[in-house]
Amino acid sequence: MDRIGIIITAGGSGKRMGSQLPKQFIEVGGTPILIRTLQKLSDIPNSELVLVLPKEWISYWQELCQRHNCTIVHKIVEGGEERFFSVRNGIEALGEVNYI
């Protein structure tokens, strides 16, 4: 069966949410939004998850995963200056997959 590549670009700043913490890291019901996203997408059979984050938030994400015992397999990729470059970085991180 073919593998499916899923790229999650999570470079939002949270300004519109009125938060100093980017919205992808805000907890809903005790779980960060981004972990909830990964949980749902990891249910897709034969999927490969690539998470694209701003460089300055990668270590925070790694700490957040440890704190919430997130064991979902995913690659972490540094984002680019604009969304186009972030998506490109995510595509380049994928293995042999079908893109959705």
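Q: Is Glu 48 buried or exposed?
A: In this predicted model, Glu 48 is buried, with a relative accessible area of 11%.

Q: Which residue does Glu 48 form a salt bridge with?
A: The partner of Glu 48 is Lys 75, and the closest N and O atoms of the pair are 2.9 Å apart.

Q: Where in the chain do Glu 48 and Lys 75 sit?
A: Glu 48 belongs to strand E4 and Lys 75 to strand E5. The two are 27 residues apart, and the pair links distant parts of the chain.

Q: And Lys 75, what is its relative accessible area?
A: Lys 75 has a relative accessible area of 37%. That value lies between the 20% and 50% limits, so Lys 75 counts as partly exposed.

Q: How many salt bridges does the structure hold?
A: There are 2 salt bridges in the structure. Besides the pair of Glu 48 and Lys 75, Arg 88 forms a salt bridge with Glu 92, with the closest N and O atoms 4.0 Å apart.

Q: Where do Arg 88 and Glu 92 lie?
A: Both residues are in helix H3, 4 residues apart, which is about one turn of the helix. An α-helix has 3.6 residues a turn, so residues three or four places apart point the same way.

Q: Why does Glu 92 count as exposed?
A: Glu 92 has a relative accessibility of 58%, which is over the 50% cut-off, so it counts as exposed. Arg 88 is partly exposed, at a relative accessible area of 36%.

Q: Turning to helix H3 as a whole, which of its residues are buried?
A: Helix H3 spans residues 83-93, and its buried residues are Ser 86, Asn 89, Gly 90 and Ala 93. Down the axis of H3 these buried residues fall within an arc of 100°, so they line one face of the helix.

Q: What do the buried residues of H3 pack against?
A: They pack against three strands: E1 (4-9), E4 (47-53) and E5 (75-78).

Q: Which exposed residues are on the face turned away from the buried side?
A: That face of H3 carries Phe 84 and Glu 92.

Q: Back to Ser 86: what does it touch?
A: Leaving aside residues up to four places away in sequence, Ser 86 touches Thr 9, Val 52, Gly 79 and Gly 80. Ser 86 has a relative accessible area of 11% and is buried.

Q: How many residues apart in sequence are Ser 86 and Tyr 60, and what is the distance in space?
A: Ser 86 and Tyr 60 are 26 residues apart in sequence, and their C-alpha atoms are 18 Å apart in space.

Definitions and conventions
Residues are numbered from 1 along each chain as its sequence is written. This is a predicted model: local features need pLDDT of at least 70, side-chain atom pairs count only at pLDDT 80 or more; totals for chains, interfaces and linings use all residues. Side-chain values use heavy atoms; hydrogens and water are left out. Buried means under 20% relative accessible area, exposed over 50%, partly exposed in between (1.4 Å probe, protein chains only). The arc is that of the directions from the helix axis to the C-beta atoms. Contact means heavy atoms within 4.5 Å. A salt bridge is a side-chain nitrogen of Lys or Arg within 4 Å of a carboxyl oxygen of Asp or Glu.
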